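Have the coordinates open as you read.

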Amino acid sequence: MQNFTTQFTVEQTPEQALAAITDVRAWWSGNIEGVTDQLGAEFTYRYEDIHYSKQRITELIPGRRVVWQVLDAYLDFTDDPREWVGSEIVFEVAREGDRTAVRFSHIGLTPEIECYEKCSSAWGFYINTSLKRLITTDEGAPNPAENREPEPAR
């Protein structure tokens with residue numbers, strides 16, 4: 001099983017990158033409720049009636065790593081709307097020479113599950129465009145209409 005993974009590098013420090021990652025509202029569209037930057041905290045994500053998920057921050061190592069465990073989920077566009085439940089969303093940052101590598105993995109989001117294509121495409125945008133932009137310019141791109149999560153075909 002190959003989990004969805006993507007990565008990029010930036011000039012900012014690992015601490016700056018992790019600070020942006022934990023500022024979830026600044027790079028991920030939708031309605032986010034709860035604390036997103038404290039170990040043990042839980043937060044929810046909701047995009048219209050299409051996508052809901054509840055995450056717990058199970059690991060938070062300053063300047064290095066943050067892990068969210070998906071406690072609950074509802075994906076309107078899959079036969080099993082709870083596909084994400086039990087999966088983990090992992091962000092790792094590390095200094096590589098004079099740059100910082102940011103690596104994202106959604107453990108459990110594999111090609112074998114129904115939402116893989118749509119979910120990996122959405123993650124690709126939010127991580128490689130919106131989050132990267134937040135880290136490098138202090139301004140993410142989560143909510144413009146052209147950047148919103150694509151509505152799945154019904």
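Buried means under 20% relative accessible area. The model is predicted.

Q: Are W28 and W68 buried or exposed?
A: The cut-off for buried is under 20% relative accessible area. W28 falls in that class, and W68 does too. Both are buried.

Q: What is the angle between the ring planes of W28 and W68?
A: A pair of aromatic rings is described by the distance of the centres and the angle of the planes. Here the centres are 6.0 Å apart. Planes under 30 degrees apart count as stacked. The W28 and W68 pair is stacked because its planes stand at 20°.

Q: How many residues apart in sequence are the parts that W28 and W68 tie together?
A: W28 sits in the loop between helix 1 and strand 2 (31-34). W68 belongs to strand 5. The pair therefore ties together parts separated in sequence by 40 residues.

Q: Which element supplies the largest share of the largest nonpolar core?
A: This core has 40 residues, and W28, W68 and W123 are among those with the most contacts inside it. Elements that each supply at least two residues include strand 5, strand 6 and helix 2. The largest share is eight residues, and its source is helix 2.

Q: What is the relative accessible area of S120?
A: S120 is placed in helix 2 (residues 116-137). Beyond its neighbours within four places in sequence, S120 contacts F4, L109 and C115. The cut-off for buried is under 20%. S120 is buried because its relative accessible area is 10%.

Note on methods:
Residues numbered from 1 in each chain as written. Predicted model: local features only at pLDDT ≥ 70, side-chain atom pairs only at ≥ 80, totals over all residues. Heavy atoms only, no water. Helix = DSSP H or I, 4+ residues; strand = E, 2+ residues; numbered from the N terminus. Buried < 20%, exposed > 50% of the residue type's maximum accessible area, 1.4 Å probe, protein only. Contact = heavy atoms within 4.5 Å. Core = buried A, V, L, I, M, F, W, Y, C linked by side-chain atoms within 4.5 Å. Phe/Tyr/Trp six-rings, centres within 6.5 Å; stacked < 30°, edge-to-face > 60°.
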